[in-house]
Amino acid sequence: MLSCYQACYAASAVGYLTGRPGVCLVVSGPGFLHALGGMANATVNCWPLIVIGGSSDRNQETMGAFQEFPQVEAGRLYNKLSVRPSSLEAIPAVIEKAVRTSIYGRPGSCYIDIPGDFVTLQVNKSSVKYVECCLPPPISTAESSAVSRATSVIALSKQPLLIIGKGAAYSHAENNIRKLVDLCGLPFLPTPMAKGVVPDNHPNCVAAARSTALQHADVIILLGARLNWILHFGLPPRFRKDVKVIQIDICSEELGNNVRPAATLLGDINAVTGQLLEEFSKRSLKYPSNSEWWKRLRETMLNNEERSKGLALQKSLPMNYYTVFHHIRELIPKDCILVSEGANTMDIGRTMLPNYYPRQRLDAGTFGTMGVGLGFAIAAAMVAKDRTPEKRVICIEGDSAFGFSGMEVETICRYNLPVLIIIINNNGIYTGLGADAWKEMLKFGEPATCVPPVSLLPNSHYEEIMSAFGGKGYFVKTPEELQNALKASLTDKQTPSLINVMIDPQSDRKKQEFPWLTRSNL
């Protein structure tokens, strides 16, 4: 790949999609520093990753060697393990430990430092400490008393809510969670990358009533989800003050963060969900679908869906976000892997584009990282090419988000990966300026002093980057042009393509009850 940071993001996505650590090789100094974002992103997202970095020769340390930097020390802030092998003989043991550390317990990133002088050293083969590959991660289950306590709390609930996190997706818990939802009749809400663990079109999915569900649930079951900023820390006003939280997580340190739980179940998400299923099969709990809680949720869902539908069916030009996503949703395959990045592009796309299968949505994640889009798309395409070659990868980017990694289009074309990139182009970050407004703005002086910093050059032809490297590019302004470009791109399963979709620079999300980010009151 063209950049160290994109390679690191790609390797981390491979880890999430396969359950085995992706490996990223970087050069010393600046190369290592460029990969730190990927290491941090993997650790915060709980994805397995191994980064192997070159470093300056050991006998030149503190002398100002070429690209000298304290890489092992710096790596400790971002990794579960940051280590330099003591000798060539120790390398196999260090690799085994890094693989094991990256996937055992809560997954994360590991860094291995290889000094430059190791490259030319020789060693007697018989002295190398060969180590067998580690066993798969042990599967732990929760205490039976905790399972019994949790089921009792759920059984007494009047307004329950199941929140599915990406930890459940990583655990491959989809079958057991689907059975739990169907057996107990629980409403569920997926976090962004947990979409598809249970299909978004399941009748018990209440994503369209997210705020209402969070604000009024009296019992919340967290399945591999954390009460962090994505879930507003589990605190009022987004949650009830007296909400009872049942927390299921593989990491004991996570239990009790921000809200004291009514029950804690420490263990593998899939295994613990199996324990809950077994317990509920004895109690025969089925939450009534005609309850007041369900009526309230369905009414809110219907209202929100109607508002989105009204925006999606608008005929005015330039198009808005909802119109664009409506046409994308109508044409893309149900089993495609969706990569989403941007501000409104990612947020609105999450609500408008359903996922039907687990581990088929990649986005900015827990760390809210911009710049991951094309790296993730390349990783997904490589994994799909190896495992499910018929599966399409569709990367939907805001125009600003595309700017972080746009030159990786060359990588996509170089390896002939049939990735479809769709840029939702509003000429800016959140909002931009139209061509006429841009010209008027320039009458007041130089762009550097007059143009708002969130505005980008109007009508930029990003599709020409794809064409320059041998892929197919489309510049579209109308629904008809968008439909034609989508059909042509999806029909051609051999060639990468990019659709540059121009929308109204002032297009925005529909009015929200709460801001997307919960801020401190201090």
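Visitor: Is S284 buried or exposed?
Guide: This is a predicted model, so keep that in mind as we look around. S284 sits in the loop between α9 (269-283) and α10. Anything over 50% relative accessible area counts as exposed. S284 has 63%, so the word for S284 is exposed.

Visitor: What is the phi of S284?
Guide: Most residues other than glycine have a negative phi. S284 is not a glycine, yet its phi is positive, at about 55 degrees.

Visitor: And Q67, where is that found, and how exposed is it?
Guide: Q67 also has a positive phi, about 55 degrees, without being a glycine. Look for Q67 in the loop between β2 (49-55) and α3 (71-75). Its relative accessibility is 26%, so Q67 counts as partly exposed.

Visitor: Which loop holds P237?
Guide: Most peptide bonds are trans. The one from P236 to P237 is cis, with omega near 5 degrees. P237 itself belongs to the loop between β7 (219-223) and β8 (244-249).

Visitor: What is the omega of the bond from L317 to P318?
Guide: Find P318 in the loop between α10 (292-312) and α11 (321-331). The peptide bond leading from L317 into P318 is cis, and its omega is near -5 degrees.

Visitor: What does the side-chain oxygen of N320 reach at the start of α11?
Guide: N320 has a side-chain oxygen that comes to within 2.7 Å of a backbone nitrogen. A pair of N or O atoms has to be within 3.5 Å to count as a polar contact. The nitrogen in question belongs to Y322.

Visitor: At what angle do α11 and α19 pack?
Guide: On the α11 side, V324, H327, I328 and L331 make the contact, and α19 brings P479, L482, Q483, L486, K487 and L490. By class, that is seven nonpolar, two polar and one charged residues. The crossing of α11 and α19 is right-handed. Their axes are 10 Å apart, and the angle is about 30 degrees.

Visitor: How far apart are the C-alpha atoms of M466 and L498?
Guide: M466 is in helix α18 (residues 463-468), and at 0% relative accessibility it counts as buried. Setting aside neighbours within four places in sequence, M466 has contacts including V409, C413, I421 and L498. M466 and L498 are 32 residues apart along the chain, and the separation of their C-alpha atoms is 6.3 Å.

Key:
Residues are numbered from 1 along each chain as its sequence is written. This is a predicted model: local features need pLDDT of at least 70, side-chain atom pairs count only at pLDDT 80 or more; totals for chains, interfaces and linings use all residues. Side-chain values use heavy atoms; hydrogens and water are left out. Helices (H or I, at least four residues) and strands (E, at least two) are DSSP runs, numbered from the N terminus. Buried means under 20% relative accessible area, exposed over 50%, partly exposed in between (1.4 Å probe, protein chains only). Contact means heavy atoms within 4.5 Å. Axes are lines fitted to C-alpha atoms, for helices over the stretch in contact, and angles run from 0 to 180 degrees between N-to-C directions. A crossing is left-handed if the near helix is turned anticlockwise from the far one by less than a right angle, and right-handed if clockwise. Ala, Val, Leu, Ile, Met, Phe, Trp, Tyr, Cys and Pro count as nonpolar, Asp, Glu, Lys and Arg as charged, and the others, Gly among them, as polar. A polar contact is a pair of N or O atoms within 3.5 Å; within protein, one must be able to donate a hydrogen and the other to accept it, and residues adjacent in sequence count only if both atoms are side-chain atoms.
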